[in-house]
Amino acid sequence: MLELKDVCFTIQKNGEALNLVDHASLSIPKGHFMAIVGPSGCGKTTLLKTIAGLNPESDGSLWWNGRNLSEDGDLEAWEIGYVPQFSIAYDQLTVDESIEAATRLRIKTNNSAELDARIDRVLKETGLTSIADRPVSVLSGGQMRRLGLAMELVSDPKLLLCDEVTSGLDPRSEREIVNLLHDLSRKEGRIVLSVTHSLAHLELYDSILVLHEGRVAYHGSPEQLTHYFSVDHTELVYPQLAKQASEKWRSSWIKHSATYYAKLQHNREKLHAQGLLELPADELHQPESEEAHETKEAKTRSPSILSQFHTLLGRRMRIFFRDRGQVFLQLAILICFPLLVVLFSPRANENMRKFTDASGATLQQKLEEQAGVQEDRLKVGSAVSGIIMFQVVLLSLMGSNNAAREIAGERQILEKEKFGGLSPLAYLASKIAFLSGLILIQSLWMAGFVELFWSFEGSFEKHALFLILVNAAMTAICLGISSLMRTAEKASLLSVYLVGFQLPLSGAVLALPEKIEPLTRPFISAYWAWSGSVDSLSGQYRSALTAISETQISTSNLCFFILLIHITLGLIISWIGTSRPQWEH
Ligand SMILES: Nc1ncnc2c1ncn2[C@@H]1O[C@H](COP(=O)(O)OP(=O)(O)OP(=O)(O)O)[C@@H](O)[C@H]1O
Ligand SMILES: [Mg+2]
């Protein structure tokens with residue numbers, strides 16, 4: 001039994017408290033199918049989120065089988081299913097794969113036979129068996145809604161909350177979905193609450209809740225709805241609502257509710273007598289004992305963080321390889337960027353003239369020789385510096401391209417999965433593992449490919465390490481940005497700006513004004529990677545670069561630590577951004 005006792009959800013608007021849900025009191029027995037209807041903006045979604053625990057109630061209390069949810073803790077993640085209006089499936093996966101991932105993320109199964117049995121049962125229940133192999137991208141609106149429901153049903157939730165799962169569907173599909181929800185409420189005493197705009201098929205529900213400006217105007221059986229509002233047709237309920245202030249509707253409802261609840265109870269007993277309700281009547285009102293609750297909890301426990309990590313990583317890789325555009329872009333970048341760098345290598349490969357030891361040379365000959373050596377140093381030194389900087393900047397760009405959309409692009413799915421029990425740690429770890437693969441391939445290929453055309457005089461290992469670090473730093477920071485931004489577009493734009501500023505602010509191309517340099521330098525990953533690589537040079541390149549560079553070259557140890565700090569900071573921001581809730585209103 002779900003009970004709401006004077007529940008309010010309050011926000012502050014222009015300094016005043018505004019109740020979006022205003023003293024809602026309801027009681028909904030097990031095995032009940034309820035519609036939440038009301039004009040747009042009346043607070044249906046807000047009420048649903050308050051029941052789900054996504055909007056913490058500001059006042060009043062919510063009870064579940066005699067348990068006060070505000071005091072004794074929310075429902076377990078598996079006990080509650082919430083089907084939002086937006087799609088929670090990835091286009092690149094099939095129906096079957098989507099349900100499998102949802103199951104693995106929510107439920108701990110003992111073996112693959114148990115997992116398969118659960119998936120098959122849910123497919124059957126939602127009528128998706130025949131299209132299990134179909135990619136999500138080609139599903140119709142009705143099939144998408146079924147998939148959304150299926151992904152919730154994997155944990156056998158006791159409370160299923162659906163937000164407008166029938167909107168935008170043709171009348172036939174709408175009826176099918178309402179029928180499906182109805183059938184789902186007839187199993188295992190499940191409560192199904194469905195927010196809907198549509199006033200069609202109301203007869204399929206056990207009760208209708210009419211909300212008006214956040215207040216309960218009616219909660220009774222569908223057949224008494226028109227009678228209560230003194231109208232001939234359900235379509236006339238909304239115009240009728242508008243005729244009176246919501247406060248009046250509420251007080252009128254409080255006066256009449258007992259009579260209407262008695263009718264609901266009567267209907268229920270009738271259903272039970274006809275054998276249409278699975279639970280024995282006496283059990284319907286008994287609060288579930290603690291013991292029963294605990295055994296169920298033990299039966300359906302959440303999977304471990306490690307298991308969720310494996311599921312997410314597997315799913316990420318699958319989505320990546322199925323997304324041809326992504327694979328093509330990554331390959332193009334991987335091949336073209338090092339080629340761009342190689343264009344510069346002939347200049348760096350030129351031999352530099354050296355000072356001769358001709359003691360008999362005239363002053364003019366000596367001066368000419370000095371000018372020649374200087375000219376070569378400048379040419380080769382700037383080419384070497386340019387090659388390294390080019391590698392660093394292109395890898396920064398790859399880093400931003402790797403991570404900018406990674407979290408922001410799937411934020412609502414993440415929120416939904418967190419609500420279903422996904423650990424943010426497992427999520428972030430899966431992103432780090434996936435991105436680390438990209439970083440290593442990109443950086444090592446860049447270092448190795450360029451090395452084929454230009455032999456790096458000095459420690460190649462150190463140079464490669466700095467290329468990995470700069471890519472990792474930019475990937476981590478852009479992942480942080482991605483975790484904070486509301487949309488993938490905003491995250492991409494900010495990440496591109498961040499890379500754009502790396503080159504001018506690194507001071508490697510043109511020295512920065514003395515006053516600005518100490519302020520900006522600590523934040524510019526490109527400088528530290530460039531400087532660390534330059535410090536790893538030896539021989540003629542090192543001397544040429546030291547001779548021409550106006551910018552200070554820091555020791556490679558310092559560069560290493562600062563880049564590690566950048567990576568750590570990026571990951572800390574990503575952690576904060578990932579774990580904090582970010583639902584769209
Ligand atoms: N967190 C919030 N902060 C401020 N205002 C909010 C918040 N959540 C909802 N609202 C406002 O509260 C009102 C009710 O919103 P809600 O989404 O619950 O309406 P609804 O009945 O679901 O409408 P619709 O049928 O259009 O989906 C709206 O005016 C909305 O703008
Ligand atoms: Mg809504």
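The dialogue below turns to the ligand shell, a helix pair and the domains.

Modeller: This is a predicted model, in which local features need pLDDT of at least 70 and side-chain atom pairs count only at pLDDT 80 or more, while totals for chains, interfaces and linings use all residues. Residues are numbered from 1 along each chain as its sequence is written, and chains are lettered from A and ligands numbered from 1 in the order in which they are written.

Biologist: How many residues surround ligand 1?

Modeller: A residue is near a molecule if its C-beta atom, placed from the backbone, lies within 6 Å of it. Twelve residues surround ligand 1, and the closest are Ser 40, Gly 41, Lys 44, Thr 45 and Thr 46. Helix H1 (residues 44-52) gives the most to this shell, with three residues, helices being DSSP runs of H or I with at least four residues, numbered from the N terminus.

Biologist: At what angle do the axes of H5 and H6 cross?

Modeller: Two packed helices are described by the angle between their axes and the distance between the axes. The axes of H5 (residues 141-153) and H6 (residues 171-185) come within 10 Å and cross at roughly 15°, where axes are lines fitted to C-alpha atoms over the stretch in contact and angles run from 0 to 180 degrees between N-to-C directions. H5 is therefore roughly parallel to H6, a term for angles under 35 degrees.

Biologist: Which domains does the chain have?

Modeller: Domain bounds come from an automatic or database domain assignment, which here gives domain 1 (2-75 + 158-299), domain 2 (92-156) and domain 3 (308-345 + 381-579). The C-alpha centres of domain 2 and domain 3 lie 37 Å apart.

Notes
Helix = DSSP H or I, 4+ residues; strand = E, 2+ residues; numbered from the N terminus. Parallel < 35°, antiparallel > 145°, perpendicular 65-115°, else oblique.
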